[in-house]
Amino acid sequence: MSMALLSALSNSLRQNIDGRKKLKVRAAVDETLAAPKSNLDQRVIALLMQASAELRQQDLFDGVLVIIDELGKFLEYSALNPEKQDVYFLQQLGEASSRSGDNCLFTVGLLHQGFSTYADKLSEQAQREWEKVAERFEEIVFAQPLSQVAALLSAALNVKEDECPRGWKSEAHADMRAAVDLGLFGANAGKGALVELAPSLYPLHPTVLPVLAKFFRRFGQNERSLFSFLLSSEPHALQDFAQNEATLSFIYRLPEFYDFIAQNFGSRLSAQSFRSHWSHIDAVIRSFPAGRELELRVLKTIGVLNTIDSTADLLPSDELLALALGNPDGLKAAVARLKKENLLFFRGARRGYALWSHTSVNLEHELAKASESIQQISSMGELLRSRLDARPVVARAHYIQTGNLRHFTLRYCSPDELTADADAFQPEHPADGLMVIVLSETDEQRKRAEKVIATMPVNPQVLFGVTEPLEVLNGFLVNLERWNHVERHTPELKDDRFAAEEVSRQIAHANQALENALHRFVGFRELSQEKQSGIHWFYNSKPVKDLGRGGSLQSYLSKLCDSLFPNAPRVHNELVNRNTLSSAAAAARQRLFELMLNHGDDPHLGLPEDKAPPEKSLYLSVLKESGIHAERNHGWSIQFPDKDPLHLRPALEHVIQMLERKPEARIRVDRIIDELRRPPFGMRDGLIPILLVAIYVQHEAELAIYEDGRFVSDVEEFLKMRLVKAPDTFEFQLCRIHGMRKELLTHLAEVVKLERTERTELLSIVRPICLMIAELPDYAKNTENLSAQTIELRKHVLAAEEPATLVFKAIPEALGFKGEVSRVEASKLASKLAQSLSELRRALPECRKRMTEIILEAFGEKAVDFSAWRRAISERAETVIVGVTNPELRAFSLKLIDNGTEESVWLEALGSLVTRVPPSRWRDKDETAFREGILALVKQFQRVESLHFGEGSQAPDNAVRIALTQKTGEERDQVFHLSTSQAKEALMLRKQLQAQMPKDKKLAVAALSQLLWEMMDSSS
């Protein structure tokens, strides 16, 4: 306002004073306009006083007359922007005018509403300050009588009465008389003048004129709104109605004015519905059937009168209703029907008709009580914070260009929170940045917040914003809290549906008004070059000019992301280049891991050309497009790309550099991932594991992986799944060998039969050794039936945590070498390692060999072929199993019958039957248990076999059963099965014994029986 006055003063001096007149004030005004200073308001007042004094001294004018037209616009701006325009300037201007004396400074301001009306949304304290300013001026209220308004309308319409429809003049005279007689124009209205003017008001009906004046005085801007109604082309305004045919049937009556109000003032009336009942009126009329035209016009007429809250002069009576509608046929019947349908209510001669019956709650009285209880909001920041939009802000242009969807989280805080813990303002994953909006309620808070931000440590991922003072929102909050107070503390509302609905509407309107005000003062999402921000922005402790003067927030954030993440990849695949993957995308990525690990040397990782599974999309957009997987001189392979179109190489090389900084040191995978998330890479969580697998595949021979502190020798699919889900349990280690140790690796490489190109790579040797021992059956991992060196080697390999320590320290010590292995000892070490590994591989086969010996020994067989024995025992078992009920013996017999199963499998099954543990999982004690169990089962088998021997037995022809009984009753019984060769040998032996037998047969039999008793005892 001060600049406007200064500019007007400059123009007035230039236009009204000869330029040759020397006025000091002229130069002072021009100087101030050219370079305004901080104390501009005081300077302008001083210049006005100086101009008034100089003009009077030089006898040019008696003083300065200041006329501020549209003062309300300045007051609105001052109410919304108190930090930019202080209403105190008007107080200074008023006081200067009062003290001007002979050097007259006269100030006039033109307002359409009262001075205090413009401050109704401010705090109570601010409103009191405005009232003090208003007291410096004399308020002159101008209200024209209706007769003058009628004359103005007549002149403005400029109707040619001769061209009006026939009969209009007499009808207008009669209706105007009736309107004046009803008191529509007041008690002292000039009846004669009004009656004469009535025809010239065509097509306005006389009853419309007093309603127009009262409505626009209450809800508009008096004559300005009135003439806008007359001359504008707004829907249902007079110009729009004038398009109808000029007949007595088309006269602008109160129902037509209701349509104008509903179309152009509906939203404004809704905000004040508790005073005008507009929401209820509009709801009743909108829901009424359009086909019942007369009843609808009755409702609209009464609705207009109810809206302006008519008193005695515009009482909705039967007489006024008849006059306003032209006394149509069936009017009384229509009113009666509406009353019967409970749409129209007559509330006595003093109150007339209304569209509601009654209300037991006086909402204006309840609101006044709430105003006494709630005069100020103490915690405005907390109330506002819960209403502010806290959704993240996306850098759209950066996303379109790079494929990386980046967002800044939004945090609101008070100036006190800002000073309490400045270090707490850090972005948290998965956000790429943080926007902190400081809600300052006063100008002092705003300045304090800006000073704190200027001294905070620089963080390139944090953008600060400080709002203009939000005390202007206090009125909106107070209004909302007052209506909430009415709802909470008015129990009568539960019995008054009409009042309860009105309170709900007012709360909704107050909420919406607050939201709109918040958007105006704190909103920044739609910030563009056309809309300036109401927030002061700071980045790296310095003001951001681009955002303060019409710069685009989206554009700024995108440029900020470009500078923060210059080494970010440019992968345009929304399936994987994001922080959280869908279940389908995660499964596709897992399948891609398996292809990378096992099919890296296949074209397109072996993916089908005629199909498109989800993993193919990932492969094409990441691995193939980037050149990570490509055909090279030595065939298809996974390597760091040379041309790098997707800008992946910086991240890949950074991971290797992290591992190279401390040779042989372990780096946790979650630390690597965190490094890649942060600037300058800003990689998404979905993409990082693919790059880690690519790094592993290329550096497989020198990259060790640890899980929970233990070296992982086999990187398989499920391990990669665990790595993605729990990266904090994994570690990477780069193992590169130099110097004399390479020669040892060359000798060890011959043991694990490596290609020449891998013979000097540590992990190429460690992995096969660890895998071979890890894949050994449990028996080989636990048995003590090994040499001491092999047992020691096994222990160190199974407990290996460091590949280098295992190869260069643990293995040599286990094999009997102390200290650093020399060049001469390297060959011996490799030889001993090969022997021990061979011994471990042979451990289970040797155990099975011992099992066959135990079985043959139990059956009393020696030096026989085991396969032949299995065929023979199978026939014997078939004779035994008949009638056997003992489950263990029956199972044992069934195993003996089975001679078609492979020997190793048969031994596993038999060992599992005897010990309840398969031999591949035996401990040494299980082998002892097997020996004892077999002996017991064989004895049972032989006893049953002897019982089944005799007439009707299915035993083979070469089977012999021998049974002896001593005088003590002790018996020995055994069945012998002889092979063909054994039968021939037995025949020869019989001839030899027969030649030596005495002639006394009794003596011979006795001697042979004693010999047989002893031999059967030893055989058993």
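A: Take α25, which is mostly covered, with 12 of its 15 residues buried. Buried means under 20% relative accessible area, exposed over 50%, and partly exposed in between (1.4 Å probe, protein chains only). Helices (H or I, at least four residues) and strands (E, at least two) are DSSP runs, numbered from the N terminus. The model is predicted: local features need pLDDT of at least 70 and side-chain atom pairs pLDDT 80 or more, while totals for chains, interfaces and linings use all residues. Residues are numbered from 1 along each chain as its sequence is written, and side-chain values use heavy atoms, leaving out hydrogens and water.

Q: Which residues of α25 are buried?
A: Among them are Phe476, Leu477, Trp483 and Val486, and also Glu481 and Arg482.

Q: What span should helix α25 have?
A: The expected span of a helix is 1.5 Å times one less than its number of residues. Helix α25 (residues 474-488) has 15 residues and should therefore span 21 Å, which agrees with the 21 Å between its end C-alpha atoms. Helix α29 (residues 583-598), with 16 residues, reaches 23 Å from first C-alpha to last, close to the expected 22 Å. The buried residues of α29 include Ala585, Leu592 and Phe593.

Q: How is a pair of packed helices described?
A: Two packed helices are described by the angle between their axes and the distance between the axes. Here the axes of α17 (residues 293-307) and α19 (residues 331-340) come within 9 Å and cross at roughly 75°. Axes are lines fitted to C-alpha atoms, for helices over the stretch in contact, and angles run from 0 to 180 degrees between N-to-C directions.

Q: Which residues of α17 and α19 meet?
A: Leu294, Glu295, Val298 and Leu299 in α17 meet Leu331, Ala334, Val335, Arg337 and Leu338 in α19.

Q: Where do nonpolar side chains tend to be in soluble globular proteins?
A: They tend to be buried together. A nonpolar core is a set of buried Ala, Val, Leu, Ile, Met, Phe, Trp, Tyr and Cys residues joined through side-chain atoms within 4.5 Å. The largest one has 69 residues, and Leu204, Phe229 and Phe257 have the most contacts inside it. Helix α10 (residues 208-219) gives the largest share of this core, 8 residues. Another core, of 62 residues, lies apart from it and includes Phe711 and Tyr779.

Q: How many helices and strands does the chain have?
A: The chain has 46 helices and 18 strands.

Technical notes. Contact = heavy atoms within 4.5 Å.
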